[in-house]
Amino acid sequence: MDWQEHTTMLADQVTPSGSAWRDAVLHVPRQALVPAWFERDGHGWRVRRGVDDPQAWAEAAYADRSLVTRVGRLHADHATPGQTVHGRPTSSATMPGLTVRMYEHALIAPGMRVLDVGTGSGYGTGLLTYRFGADHVVSVDVDQYLVDAAAARLAAVGLRPAVHRCNALGEELPHGGYDRIVATVGVPRIPPAWITALRTGGRVVATLADTSVIVVATKQEDGTLRGRTTWDRAGFMPAHSGGGHPDDGVDWAAAATASGVCETGRYPVLDVEQAWDVQSTMALLAPGIRHRYSADGNRRVMVMAHPDGSWARAEARGDQSPAVWQGGPRRLWDLLDHVRDSWVRCGELPVRGASVLVAPDGRMVLRRGSWKVLVGHE
């Protein structure tokens with residue numbers, strides 16, 4: 001297999017001419033870091049092993065797409081050949097192009113110390129290490145197996161950064177004094193430990209959990225972080241502390257079947273997860289909210305649910321106005337209507353280009369014009 005041909009094709013796709021990241025993409029062998037992955041089929045997630053089909057391995061490893069490496073608690077490395085599993089993805093090898101974009105937002109320069117939050121497959125860690133050297137890169141992940149596997153596979157290709165198991169949401173970060181912290185997992189807000197570990201003038205780049213919002217913020221002399229949300233978008237799996245899946249605590253059965261007073265909605269049924277700014281705004285206003293959508297012929301159904309027991313369901317056929325049911329301590333459909341009212345009135349939602357202020361204790365505020373939200377709180 002001519003792996004170099006494939007790395008060149010990937011580099012041509014994700015690093016424009018003159019990009020400082022091109023050599024790293026050309027020389028870090030993604031296939032060595034993702035020997036097995038899951039692909040969705042009609043029955044669930046089917047494990048694929050590179051050694052069983054080298055051509056498919058090359059095509060998957062060097063496409064600019066994320067590769068699911070764990071479903072539920074089962075890693076692809078531990079699945080039996082041909083095994084199909086059910087559940088939701090909980091770890092992946094991030095799209096190479098997105099990984100490079102996050103590092104570009106960080107404005108990393110030679111000599112800087114970089115913390116990579118979310119080791120995953122180790123590919124992003126490998127890019128950092130190839131470009132800046134092992135002495136300048138530390139990577140952390142909450143999953144011990146991911147840490148061990150990534151460290152061993154990186155070492156096998158000559159890259160030896162420091163890789164640690166760490167719950168980056170709640171533990172002290174190893175080896176503080178970073179110039180840059182870049183997260184390729186979504187975080188509810190910037191943890192205070194990150195601010196402590198960052199040098200004055202250092203920069204954090206991270207996405208907010210369950211949103212496509214990228215935060216870029218710099219540490220000030222007073223210990224705060226100040227910055228902006230970018231006009232760029234990115235989506236990452238939410239960081240966790242080693243516990244259950246983020247959907248734990250959501251009663252989908254009740255949301256899908258509960259009845260009560262039926263109202264007529266003012267807006268069409270929406271696949272919220274495909275309307276990125278709407279989804280991001282809803283996640284900021286009601287952290288923990290989850291969405292499902294289905295279309296069968298001309299019938300469309302969307303369901304929202306929250307761990308506090310709130311739920312909403314809307315159904316419509318064709319161009320008809322939807323029938324809406326909602327219950328629990330808050331009215332989720334009304335909240336969605338409020339967001340869409342703002343969208344229609346202003347022509348956009350204010351999550352892009354908002355100012356960011358993070359206090360040393362982690363209190364985090366986004367603000368744009370008259371819009372303001374305290375991140376991680378309801």
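This is a predicted model: local features need pLDDT of at least 70, side-chain atom pairs count only at pLDDT 80 or more; totals for chains, interfaces and linings use all residues.

Colleague: With which residue of strand 2 does Glu-39 form a bridge?

Modeller: The bridge partner of Glu-39 in strand 2 is Arg-46. This belongs to the antiparallel pairing of strand 1 (residues 36-40) with strand 2, which extends over 5 bridges. The hairpin made by strand 1 and strand 2 has 4 residues between the strands, and Gly-44 adopts a positive phi near 160° there.

Colleague: How many strands form the open sheet, and in what order?

Modeller: As a general idea, the side chains of a regular strand alternate between the two faces of the sheet. In this structure, an open sheet is formed by 10 strands, with mixed pairing, in the order 9-8-7-10-11-12-13-19-20-21. Strand 9 (162-165) and strand 21 (371-375) are at the edges; each has a single partner strand, so one side of each lacks a neighbour in the sheet. On average, and ignoring direction, neighbouring strands of this sheet are turned by 20° against each other. As one example of pairing, strand 11 (residues 198-208) and strand 12 are antiparallel over 5 bridges, and Val-205 has Val-216 in strand 12 as its bridge partner.

Colleague: Which strands does helix 5 touch where it packs on the sheet?

Modeller: Helix 5 touches strand 7 (114-117), strand 10 (178-187), strand 11, strand 12 and strand 13 (225-233), and its direction makes about 150° with that of strand 11. Helix 10 (residues 276-285) lies across strand 11, strand 12, strand 13, strand 20 (364-368) and strand 21, and runs at about 60° to strand 21.

Colleague: How should I read the nonpolar core, and which residues have the most contacts inside the largest one?

Modeller: In soluble globular proteins, nonpolar side chains tend to be buried together. Here the largest nonpolar core comprises 38 residues, and those with the most contacts inside it are Trp-21, Val-25, Met-102, Ile-108, Leu-127 and Leu-128. At least two residues of this core come from each of helix 1 (3-14), helix 2 (22-27), helix 4 (54-61), helix 5 (96-106), helix 6 (123-132) and strand 12 (213-219). Helix 5 contributes the most, with 5 residues. Leaving aside residues up to four places away in sequence, Val-25 touches Thr-7, Leu-10, Ala-11, Val-14, Thr-15, Val-100, Tyr-123 and Leu-127. There is also a second, separate core of 34 residues, which includes Ala-168, Ile-195, Val-213 and Met-364.

Colleague: Why is helix 6 described as largely enclosed by the rest of the structure?

Modeller: A residue counts as buried when its relative accessible area is under 20%. Helix 6 is largely enclosed because 8 of its 10 residues are buried. The buried residues are Tyr-123, Gly-124, Thr-125, Gly-126, Leu-127, Leu-128, Thr-129 and Phe-132. Just after this helix, Gly-133 takes a positive phi of about 100°.

Colleague: Finally, how many salt bridges does the structure hold?

Modeller: Side chains of opposite charge can pair when their charged atoms come close. This structure holds 23 salt bridges. One of them joins Asp-232 to Arg-101, with the closest N and O atoms 2.8 Å apart. Asp-232 is in strand 13 and Arg-101 in helix 5, so the pair ties together parts 131 residues apart in sequence. Asp-232 is partly exposed at 22% relative accessibility, and Arg-101 is partly exposed at 29%.

Colleague: Is Arg-313 buried or exposed?

Modeller: Arg-313 is buried, having a relative accessible area of 6%. Its side chain meets that of Glu-315 in a salt bridge of 3.5 Å, N to O, and Glu-315 is partly exposed at 24%. Another salt bridge joins Arg-368 and Glu-348, the closest N and O atoms being 2.5 Å apart. Arg-368 is in strand 20, while Glu-348 is in the loop between helix 11 (332-346) and strand 19 (355-358), 20 residues apart.

How values were computed:
Residues are numbered from 1 along each chain as its sequence is written. Side-chain values use heavy atoms; hydrogens and water are left out. A nonpolar core is a set of buried Ala, Val, Leu, Ile, Met, Phe, Trp, Tyr and Cys residues joined through side-chain atoms within 4.5 Å. Buried means under 20% relative accessible area, exposed over 50%, partly exposed in between (1.4 Å probe, protein chains only). Contact means heavy atoms within 4.5 Å. Two strands pair if DSSP finds at least two bridges between them. Axes are lines fitted to C-alpha atoms, for helices over the stretch in contact, and angles run from 0 to 180 degrees between N-to-C directions. A salt bridge is a side-chain nitrogen of Lys or Arg within 4 Å of a carboxyl oxygen of Asp or Glu.
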